Amino acid sequence: MLKQIRRFLVSESVGHATLFNQDPSRRKTPVQFAKHLPIASFAGCSSEKTRVDPPPLSPLRWTVYMLTIADVSKSYGTRELFRDVSLFIARTDRLGLIGPNGAGKSTLFNLILGEEKPDTGTIEWERGADFGYLPQESAPAGDETILHIATSGKKLEPTDDDYDIDYTLEPRAKKILAGLGFKEGDALKLAKTFSGGWVMRAHLARLLVAEPALLLLDEPTNHLDLEALLWFQEYLTRYPGGLVVISHDRAFLNALCTGMLELRANTLHYYHGNYDNFLTEKEARKAQQAAAFKNQQREIAHLQKFVDRFGAKASMASRAKSKEKQIERLQEVAIDEPTEELRKMNFKFPQPPRSGLKVIELEHVQQAYGDHVVYRDLNFTAERGQRIVLVGPNGAGKSTLLKILAGVIPINGGVSELGSNVVPGYFAQNRLDNLDAKATVFENVMSLRTNENQLSEQQARAILGAFLFRKDDVHKPVSVLSGGEKSRLALARILVKPPNLLLMDEPTTHLDIQSIDSLVGALKNYEGTLIFISHDVHFIRALAQNVLHVHSGRLTPYAGDYDYYLEKSKAGDARAALTAGFTDARPKQDTAPKAAAAQKPASSAKKATPNEIRKFREQVGQLEKAVAVLEAKQAELTAELEAPETYSTPGQAQHLNRELSSIVNQLASATTDWEKAASKLEEMEKS
């Protein structure tokens with residue numbers, strides 16, 4: 001009897017596992033399908049007119065692809081999402097699917113799942129393959145327990161017909177649930193007593209327990225705290241099946257992916273390696289495309305000049321006609337000029353009113369939730385222009401501290417005092433805390449209109465347009481918005497009344513990578529005070545100038561950026577250090593400020609001698625020379641890639657790209673070493 005295809009789905013409509021059976025006798029295997037495929041436009045083509053062969057097959061055996069997508073196109077009305085997309089996925093592939101919001105990533109998943117039909121093309125599964133799917137959100141849970149969700153589709157009790165019952169299923173499910181953050185005893189509780197994010201964790205556990213051949217995950221990290229995310233990331237590195245994941249988390253993609261798929265300009269582009277490799281290769285491809293476009297246009301212009309000059313002369317008419325046909329042939333295979341993505345947030349924070357030097361001060365603050373004491377004697381001061389990131393274990397009180405600073409929760413004791421002319425603004429982790437779910441996008445912005453700002457409808461539409469809400473999008477109810485849209489709307493509201501104390505709790509959650517980059521750019525130019533929580537190391541490194549470690553009701557300040565914090569705390573992993581619970585020997589939060597100040601001179605470093613300064617200056621000079629050499633090599637390789645003759649030698653461009661990628665990585669490391677050494681030299685010379 002033929003093995004049936006089992007599809008494990010977490011349906012958005014029912015929110016639990018559904019088992020689909022299909023007769024595989026009516027379907028070709030990917031091997032059979034590949035034999036009669038035309039030369040397909042494989043992921044990685046920079047133009048729809050470019051055709052390349054499928055991946056080479058082993059000389060000893062056919063390569064069996066678990067999933068074959070051939071020449072698939074999909075449109076909604078006049079809007080074309082993708083055209084002639086082809087892709088082959090093997091059981092060992094670990095692919096990240098990226099692209100701006102609205103590019104069609106979730107739609108591609110729906111086509112693979114069979115929930116939607118392509119306009120053209122075919123999607124074929126390997127016989128016997130099973131897959132698990134996790135959408136961004138699921139419907140509210142019913143009367144099932146967390147353990148029931150985690151083991152749904154599997155039998156826990158044997159019957160007379162069962163000879164292969166898996167008695168390890170329940171222990172495995174409980175172990176996975178614990179890894180995802182569930183406490184002992186939670187497994188037997190009703191799922192409807194948990195929030196939507198925790199229910200999604202239970203569905204994620206169900207997929208990991210089932211171990212399908214291919215996991216299709218749509219933003220799986222959005223509902224995970226950092227500790228659960230790190231556990232999940234480590235688990236996936238050992239997962240025996242394939243993986244295609246939609247994610248905007250760079251560190252997650254870097255840790256897991258062996259290939260990247262980018263949906264852009266109606267085409268699926270394939271890149272080898274993780275997200276960092278993707279960035280390097282994309283820039284190299286863009287440079288190649290620009291050079292090829294320039295050369296082709298130069299050739300067309302040269303031919304056209306000949307036609308214009310001699311086309312009217314009888315003696316040269318035949319040659320001119322030949323040149324015209326050459327131009328037509330070139331235009332038929334014309335290389336597109338590289339363009340930037342159009343749908344990208346483009347905004348900047350209006351500069352807020354200038355506050356006093358002391359922005360906010362907490363003195364002897366006490367905070368508890370019932371019997372759970374978060375802070376007993378909390379003292380904290382923030383000054384104008386500081387950019388502070390809060391780090392520390394989950395449950396240590398980071399979000400509570402941010403809410404105390406924002407004034408959104410009352411304190412049990414002590415004093416919280418804003419400085420002169422301070423206007424706080426709070427960006428909540430739960431975006432609906434900042435939004436009216438019953439109102440439309442436009443109404444959420446217009447509700448901020450006051451006699452002071454005199455916000456007009458035109459101004460509101462302009463602000464929303466900068467956050468990609470255009471035309472009829474502004475009339476969408478907030479209740480139907482995606483997570484990314486809610487985040488963008490919450491940011492748009494900040495622009496109406498710009499605060500000079502901006503407090504942000506996980507601001508990058510649900511935002512695509514382009515939007516995160518836009519937010520980083522806007523915050524770099526923001527002149528107010530910024531205090532934030534994030535598990536995005538890229539975002540933290542781009543913005544944080546000070547680090548505040550929160551642990552056991554105590555605050556430990558680090559007067560430097562995130563790399564300084566890693567160095568001083570002796571943390572091994574940049575991401576794990578975000579939730580580390582280590583302590584050090586310096587005075588903690590409960591030490592009186594005067595005592596801490598009195599101890600400061602005693603802990604100051606010994607003054608460097610002139611000879612030590614001279615030797616260190618020589619080391620800095622050597623590091624600077626190394627940076628200059630690498631920069632020169634980078635420029636040399638870039639020039640070679642732009643040269644047309646490079647592409648006349650097969651494999652030369654690929655070799656140069658790999659060499660350039662290596663040089664870029666070496667340059668980044670060398671520049672960091674030089675900057676740190678230069679800063680240290682400056683401190684030595686001042687002391």
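A salt bridge is taken here as a side-chain nitrogen of Lys or Arg within 4 Å of a carboxyl oxygen of Asp or Glu, and by that criterion the side chains of Arg-238 and Glu-234 meet in one, with 3.1 Å from N to O. The model is predicted, so local features need pLDDT of at least 70 and side-chain atom pairs count only at pLDDT 80 or more, whereas totals for chains, interfaces and linings use all residues. Residues are numbered from 1 along each chain as its sequence is written, and side-chain values use heavy atoms, with hydrogens and water left out.

**Overall organisation**

- The secondary structure of the protein chain comes to 19 helices and 20 strands, where helices (H or I, at least four residues) and strands (E, at least two) are DSSP runs numbered from the N terminus.
- Of the 687 residues of the protein chain, 47% count as buried; buried means under 20% relative accessible area, exposed over 50%, and partly exposed in between, with a 1.4 Å probe and protein chains only.
- The accessible surface of the protein chain amounts to about 35,100 Å², with 51% of it belonging to carbon and sulfur atoms (Shrake-Rupley method with a 1.4 Å probe; for residues, only the protein chains shown count as cover).
- Among contacts (heavy atoms within 4.5 Å) between residues at least 6 apart in sequence, 69% join residues at least 24 apart.

**Salt bridges**

- A search of the whole structure finds 18 salt bridges.
- In the pair described at the outset, Arg-238 counts as exposed at 55% relative accessibility, while Glu-234 is partly exposed, with a relative accessible area of 44%.
- Lys-282 forms a salt bridge with Glu-262, their closest N and O atoms being 2.8 Å apart; this pair links distant parts of the chain, since Lys-282 belongs to helix 8 (residues 275-310) and Glu-262 to strand 10 (residues 259-264), 20 residues apart.
- Both Lys-282 and Glu-262 are buried.
- The side chains of Glu-281 and Arg-285 also meet in a salt bridge, at 2.8 Å from N to O, and because these two residues are four apart in helix 8, about one helical turn separates them.
- In general, an α-helix has 3.6 residues a turn, so residues three or four places apart point the same way.
- Lys-74, Glu-116 and Asp-119 are linked in a network of salt bridges.

- Helix 13 is mostly covered, with 14 of its 14 residues buried.
- From its first C-alpha to its last, helix 13 reaches 21 Å with its 14 residues, close to the 20 Å expected at 1.5 Å a residue (the expected span being 1.5 Å times one less than the number of residues).
- Leaving aside neighbours within four places in sequence, Leu-489 is in contact with several residues, among them Leu-435, Val-441, Asn-444, Leu-464 and Phe-469.

**Aromatic pairs**

- The whole structure holds 12 aromatic pairs, in which rings of Phe, Tyr and Trp (its six-membered ring) have centres within 6.5 Å, planes under 30 degrees apart counting as stacked, over 60 as edge-to-face and the rest as tilted.
- Phe-182 and Trp-198 form an edge-to-face pair, 5.0 Å centre to centre and with 70 degrees between the planes; Phe-182 lies in the loop between helix 4 (169-179) and helix 5 (196-210) and Trp-198 in helix 5, so the pair ties together parts that are 16 residues apart in sequence.
- Phe-182 counts as buried at 7% relative accessibility, whereas Trp-198 counts as partly exposed at 26%.
- The pair of Tyr-271 and Phe-278 is edge-to-face because the ring centres are 4.9 Å apart and the planes lie at 85 degrees; Tyr-271 is buried, with a relative accessible area of 1%, and Phe-278 is buried as well, at 3%.
- Phe-182, Phe-194 and Trp-198 form one aromatic cluster.

**Positive phi values in loops**

- Asn-421, a residue other than glycine, has a positive phi near 60 degrees; Asn-421 is placed in the loop between strand 15 (413-418) and strand 16 (424-427) and counts as partly exposed at 45% relative accessibility.
- Glu-506 likewise has a positive phi, near 50 degrees, in the loop between strand 17 (501-505) and helix 14 (513-524), and Glu-506 counts as buried at 10% relative accessibility.
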